[in-house]
Structure formats: C-alpha cells, structure tokens
Amino acid sequence: MSPPMSNDQPQWAKDEATNLAIAYVDWLGRDTVDADAEQVLAQSVSQALLSAYERGRAEREWQPIETAPKDGTPIFAWCVHEADPYHDEATGNLTDYGCWAEVTSRVANGPQVVVWGGEDSDYDEWSGKTYTWPNWWFRHGSEFEEVANPTHWMPLPAPPAKENDNER
C-alpha cells in the first residue's frame with residue numbers, strides 16, 4: 001500500500017517512507033496494525049526524511065554571512081573586498097572591516113576558510129588614547145593578520161574518517 005504523500009516530496013523520500021513503514025509494520029506483525037495506521041506511519045516517516053533532506057541541503061548551499069557562527073568556528077566563505085565600504089557614509093568613521101583592512105593584509109576575493117575574532121586594543125602613550133579594533137572575519141590560521149570580507153558562507157565538511165590508528 002502506498003502512503004498518501006504530497007507531490008513536492010522527492011520520489012526517494014516517498015519510496016523510503018513506504019519501505020520503512022512496511023518494514024516496521026512487518027516487524028510489529030501485520031495483524032496488529034491496520035491500513036490507516038500504516039499510512040499515518042508512512043507519512044510520518046516521509047516527513048522526517050524530507051526534513052532531514054532539507055536540513056542537509058541547506059548546509060550545502062551559500063547562506064548570508066549574517067547567519068554564520070561567531071564563536072571561533074572556521075567556515076567556508078565567499079569573500080568580496082569591495083562589498084563593505086571602508087568608511088561609514090553617515091559618520092565618516094572607518095567600518096569594522098575598514099579598521100582591520102587599514103592595519104593588516106587582506107585575503108583575495110573568492111573562496112576562503114575564515115574565522116570570527118581578533119578583537120584587540122592598544123594604548124598610545126603619546127596621544128593618551130586607547131585604540132580598539134573590533135572582532136571581524138580573518139583567514140583561518142593567519143593569527144588575525146589577514147582580514148576577510150565574506151558575503152556568504154557554508155559549514156565546512158567533516159574531516160575524513162581515519163583509516164587506521166596511525167593517521168593524525
């Protein structure tokens with residue numbers, strides 16, 4: 001029996017849901033589950049598979065940089081130097097990116113592995129002022145010396161599994 005499913009679900013989700021529901025019903029014993037319960041079970045399994053599929057797909061698509069983690073997790077990012085102006089038009093002050101771009105090197109446009117961080121301050125004895133540099137995006141591994149200006153991001157894939165205990 002085929003479960004009722006919407007037409008916008010991928011065929012593989014429909015097929016897997018049907019197969020899983022039938023296997024579960026067989027495991028329970030066909031005499032304990034009626035046809036309506038089998039359809040409800042298949043629909044539930046289908047929705048769970050589709051939800052997992054959508055989550056996985058979202059993790060493999062570019063997302064706006066505003067949604068990226070800012071906890072020190074390295075991410076794969078698309079960087080565009082010109083996407084952020086150096087100066088705030090309203091105040092004339094340097095933007096966060098401009099602040100870092102003035103004192104460090106910057107990554108090339110295009111794909112980069114970046115990380116959020118780098119906040120720093122320095123007291124200037126001559127002027128008596130403390131200068132502060134805010135957190136921003138930097139090339140991962142650059143020790144906050146190569147500023148990046150990402151516009152989009154996606155999670156890095158998991159590292160490869162070890163084939164034996166000698167791998168690091």
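This report walks through a predicted model of one protein chain.

## Ground rules

The model is predicted, with residues numbered from 1 along each chain as its sequence is written; local features need pLDDT of at least 70, side-chain atom pairs count only at pLDDT 80 or more, and totals for chains, interfaces and linings use all residues. Side-chain values use heavy atoms, leaving out hydrogens and water.

## Overall build

The protein chain holds three helices and nine strands. Both are DSSP runs, numbered from the N terminus: helices are H or I with at least four residues, strands are E with at least two. Along the sequence, the pattern reads α-α-β-β-α-β-β-β-β-β-β-β.

The chain has 168 residues, and 30% of them are buried. Buried means under 20% relative accessible area; exposed means over 50%, and partly exposed lies in between (1.4 Å probe, protein chains only).

Strand β2 covers residues 75-79. Its covered face carries Ile 75, Ala 77 and Cys 79. Its uncovered face carries Phe 76 and Trp 78. In a regular strand the side chains alternate between the two faces of the sheet.

Strand β2 pairs antiparallel with β4 (residues 110-117) over five bridges. Two strands pair if DSSP finds at least two bridges between them. Phe 76 has Val 113 of β4 as its bridge partner. Strand β2 also runs antiparallel to β9, again with five bridges. There, Trp 78 has His 152 as its bridge partner.

## Buried residues

Cys 79 is buried, at 2% relative accessible area. Cys 99 is buried too, at 13%. The structure holds zero disulfides (pairs of cysteine sulfur atoms within 2.5 Å).

Gln 112 sits in strand β4. Its relative accessibility is 16%, so Gln 112 counts as buried. A polar atom of the Gln 112 side chain lies 3.4 Å from the backbone oxygen of Ala 108.

## The largest pocket

The largest pocket has a volume of about 190 Å³. On a 1 Å grid over the protein atoms alone, a pocket is an open set of points where a 1.4 Å probe fits, with protein on both sides within 12 Å along at least five of seven lines. Lining residues have an atom within 4 Å of a point. The volume is the space filled by probe spheres set on the points, which are joined across faces, edges and corners.

The lining includes Trp 116, Trp 136 and Trp 137. Strands β7 (136-139) and β9 (150-155) each give two or more residues to this lining. By type, the lining has six nonpolar, two polar and three charged residues. Ala, Val, Leu, Ile, Met, Phe, Trp, Tyr, Cys and Pro count as nonpolar; Asp, Glu, Lys and Arg count as charged; the others, Gly among them, count as polar.

Key
Polar contact = N/O pair within 3.5 Å; in protein donor to acceptor, adjacent residues only side chain to side chain.
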